Amino acid sequence: PEILEGQLKTDTLNVFVLPSSNRAVVSEVMIHLNELKEDYPIMVFGLERWQQYDNLEADFLHDLQVHLVASSFVDYESKAVKQFLQSYRNRFQTDPDKYAFLGFDVAYFYLRALQKHGIAFQGHLGSMNETTTSVYFDYFKTGMEHGFENENVFILRYRDFQLEIAD
């Protein structure tokens, strides 16, 4: 912490980007930053995988204003998600996992594209921005001789010990 402390400012937000998926490294850095949070305003940006780490204290995630970059996010307060949950539970008598959400979203998006544009739908992907239950599709053409790539990511943050989409 001493090395970090010499670089931090008390009068401005200190932003850390920690693009590591190494659980031990992430945990160690978070412990050190947590020791400094009383004297310095700190915000940390990390990876989607951190959601799976059971060794990160909820207080650290909240107090260090942790933000995560994620390819998908299920907002259980949205109308679309509530409708999907009800239908899924009625049909399968269980809750959907992340793959059920993703499978539904991908099928829904591409079947709508097929319905709207026919078999040549791939030429229209760049104009079909759409939010589904867990993914936002926002394609761009990567080059004249190449295909399309979904460039959307979600920036999530911990607020009141809950993960939500950042403003």
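Two strands are taken to pair if DSSP finds at least two bridges between them. On that basis, strand β2 (residues 42-47) pairs with strand β3 (residues 67-70) in the parallel sense, and G46 stands opposite L68 in β3. The model is predicted: local features need pLDDT of at least 70, side-chain atom pairs count only at pLDDT 80 or more, and totals for chains, interfaces and linings use all residues. Residues are numbered from 1 along each chain as its sequence is written, and side-chain values use heavy atoms, with hydrogens and water left out.

**Strands and crossovers**

- Helices (H or I, at least four residues) and strands (E, at least two) are DSSP runs, numbered from the N terminus.
- Strand β1 (residues 14-17) pairs with β2 in the parallel sense over 4 bridges, and V17 stands opposite F45 in β2.
- The pairing of β2 with β3 is made over 3 bridges.
- A right-handed β-α-β unit is formed by β1, helix α2 (residues 23-36) and β2; a crossover is right-handed if, with the strands pointing away from the viewer, the path from the first strand over the helix to the second runs clockwise.
- A right-handed β-α-β unit is also made by β2, helix α3 (residues 58-63) and β3.

**Nonpolar core and surface patch**

- A nonpolar core is a set of buried Ala, Val, Leu, Ile, Met, Phe, Trp, Tyr and Cys residues joined through side-chain atoms within 4.5 Å; buried means under 20% relative accessible area, exposed over 50%, and partly exposed in between (1.4 Å probe, protein chains only).
- The largest such core has 24 residues, and those with the most contacts inside it are M30, I42, V44, W50, L64 and V66.
- Two or more residues of this core come from each of α2, β2, α3, β3 and β8 (154-159), with α2 giving the most, 4 residues.
- In soluble globular proteins, nonpolar side chains tend to be buried together.
- V17, which lies in strand β1, is by contrast exposed, with a relative accessible area of 61%.
- L13, V15 and V17 make a nonpolar surface patch of about 260 Å²; patches consist of residues with over 30% relative accessible area and no salt bridge, with nonpolar side chains (Val, Leu, Ile, Met, Phe, Trp, Tyr) joined within 5 Å and like charges within 9 Å.
- Accessible areas come from the Shrake-Rupley method with a 1.4 Å probe, and for residues only the protein chains shown count as cover.

**Positive phi values outside glycine**

- Q93, in the loop between α4 (79-92) and α5 (98-117), has a phi near 55° and is exposed at 64% relative accessible area.
- F161, in the loop between β8 and β9 (162-165), has a phi near 65° and is partly exposed at 48% relative accessibility.

**Salt bridges**

- The structure holds 7 salt bridges, each being a side-chain nitrogen of Lys or Arg within 4 Å of a carboxyl oxygen of Asp or Glu.
- R112 and E130 meet at 3.7 Å, N to O; this pair links distant parts of the chain, R112 in helix α5 and E130 in strand β4 (residues 130-131), 18 residues apart.
- R112 is partly exposed at 35% relative accessible area, whereas E130 is buried at 15%.
- E164, partly exposed at 24%, meets R157 at 2.8 Å, N to O, and R157 is buried at 12%.
- E164 also forms a salt bridge with R159, the closest N and O atoms being 3.5 Å apart; salt bridges that share partners join R157, R159, E164 and D167 into one network.
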